[in-house]
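Biologist: Hi! Could you walk me through this protein, one piece at a time?

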Amino acid sequence: MEPHRLTLDEARRIAVHAQLLGDERPDDLLDVVRHLSFLQIEPTAAVAPTADLVLRSRLGDAYAPGELLDTLEGGDVLFELSLIVRPMEDLALYRAEMAGPPRHESTLRWLEENAEFRDDVLERLEIDGPVVATEIADTSIVPWPSSGWNNNRNVIMMLECLAARGEVAVAGRRGRDRLWDLAERRYHADIPTVPLEDALRIRNERRLRALGIVRNRTTELPGESVRVGDAGEPAVIDGAPGEWRVDPAYLDGTLLARSDVHREASERTTLLSPFDALIRDRKRMVTLFGFDYALEMYTPKAKRRWGYYALPILHGDRLVGKVDATADRAAGVLRVDAVHEDEPFTRAIREGVERELDALAGWLGMRRHAAG
């Protein structure tokens, strides 16, 4: 079919609206998770855990910090797999993959060599679960083959492998440590198994619905993919290279009226997590928003441009700067070390950023403090 032709402004507004960052805020946590299709659990919490920041940026202060993990621990409506939270009904889209062989032959070989270790882990969970990984004895015969990061982490790697096979599941958390239990105690028995080919197609469609518009050819990212295969319809963006896929529901008025695509952007200002799906595909981010950004946690302090955990600033449909902020929980203070302007802020942007920083501090139960 003939590709849809979009201006850069139109493509950007589709992307923002698809991520529930437009004028109208959603008002239900589960609806947000279902639409976004996943939330990443990232242990770094220089300001707040990334999943909490993602939900706050959509739901506003109606979302309470930690509410996602509380809901997850309830066990009825969400599940966690490989540090990603999904709606429980989407388990049907992963069961066929769980039932298949591991992606890597080396993983299958390791599991076969450690069959007794696997049985020991399952027996411990059956008797004492849920437990954290450190409470499970390492009875492995062959250590996990790793070049460094996973050396001597045989128990956690066995749990991850068994979770990928649908035999164990995350049952909650004790502090920052995951609690593990048998999957049969966590997953609903009546959730069906969607055939793998259909499941992959539906997952691509759901991913595109959450992103709105994506590059047709893109580098695979760890964790959750940003590829959508043949989902949606082809599109080209004036002034932007390459071929794109767009969800037509954002063009035909089903999810976003055509008039909304054309109209002026809103004045809403939002602080985003560095891991927000709006900016996760950095090449897409640069093309649609012209935004220069990188997470600098692992950059030597002297070489950082924006800060250890800088929060991108979204104003309307544009990414306009970054906030270098840190939550000092001991002092009860949200420390704001810098606000970086990609270009001189208008009065509306400056006032929007000030309101957001005050609201963020209040949401964290802290006082705001500007350094210097």
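**A look around the model**

Modeller: Happy to! Let's start at R12, which is buried, with a relative accessible area of 3%. Keep in mind that this is a predicted model.

Biologist: Okay, which residue does the R12 side chain meet in a salt bridge?

Modeller: That partner is D317, with 3.8 Å from N to O. The two belong to distant parts of the chain: R12 sits in helix 1, while D317 is in the loop between strand 12 (311–315) and strand 13, 305 residues apart.

Biologist: And is D317 buried or exposed?

Modeller: D317 counts as buried, because its relative accessibility is 4% and the cut-off for buried is under 20%.

Biologist: Which residues are in a salt-bridge network with R12 and D317?

Modeller: D9, R13 and R318 are linked with them in that network.

Biologist: How many salt bridges are there by this rule?

Modeller: The count comes to 36. One of them joins R5 and D238, whose closest N and O atoms are 2.8 Å apart. Here too, distant parts of the chain are linked: R5 is in strand 1 (residues 4–6) and D238 is in the loop between strand 9 (233–237) and strand 10 (244–246), 233 residues apart.

Biologist: How accessible are R5 and D238?

Modeller: R5 counts as exposed at 57% relative accessibility, and D238 as partly exposed at 35%.

Biologist: What about D358, which residue does it form a salt bridge with?

Modeller: With R368, and the closest N and O atoms are 3.0 Å apart. D358 lies in helix 13 (residues 347–363) and R368 in strand 15 (residues 367–370), so this pair ties together parts 10 residues apart in sequence. D358 is partly exposed at 45%, and R368 is partly exposed at 28%.

Biologist: Let's zoom out. Which domains is the protein divided into?

Modeller: There is domain 1 (4–73 + 197–370) and domain 2 (81–185). Their centres, taken over C-alpha atoms, are separated by 31 Å.

Biologist: How much area is buried between domain 1 and domain 2?

Modeller: About 1,500 Å², with carbon and sulfur atoms giving 56% of that area. The interface also has 4 salt bridges by the rule, and 8 residue pairs are in polar contact between the domains.

Biologist: Buried or exposed, for L20 and S37?

Modeller: L20 counts as buried at 18%, and S37 is buried at 6%.

Biologist: And where is the cis peptide bond?

Modeller: The bond from G129 to P130 is cis, with omega near 0°. You'll find P130 in the loop between helix 7 (115–128) and strand 5 (131–132). For context, most peptide bonds are trans.

Key. Residues are numbered from 1 along each chain as its sequence is written. This is a predicted model: local features need pLDDT of at least 70, side-chain atom pairs count only at pLDDT 80 or more; totals for chains, interfaces and linings use all residues. Side-chain values use heavy atoms; hydrogens and water are left out. Domain bounds come from an automatic or database domain assignment. Buried area is the accessible area (1.4 Å probe) that two parts lose on being put together, summed over both. A polar contact is a pair of N or O atoms within 3.5 Å; within protein, one must be able to donate a hydrogen and the other to accept it, and residues adjacent in sequence count only if both atoms are side-chain atoms. Helices (H or I, at least four residues) and strands (E, at least two) are DSSP runs, numbered from the N terminus. Buried means under 20% relative accessible area, exposed over 50%, partly exposed in between (1.4 Å probe, protein chains only).
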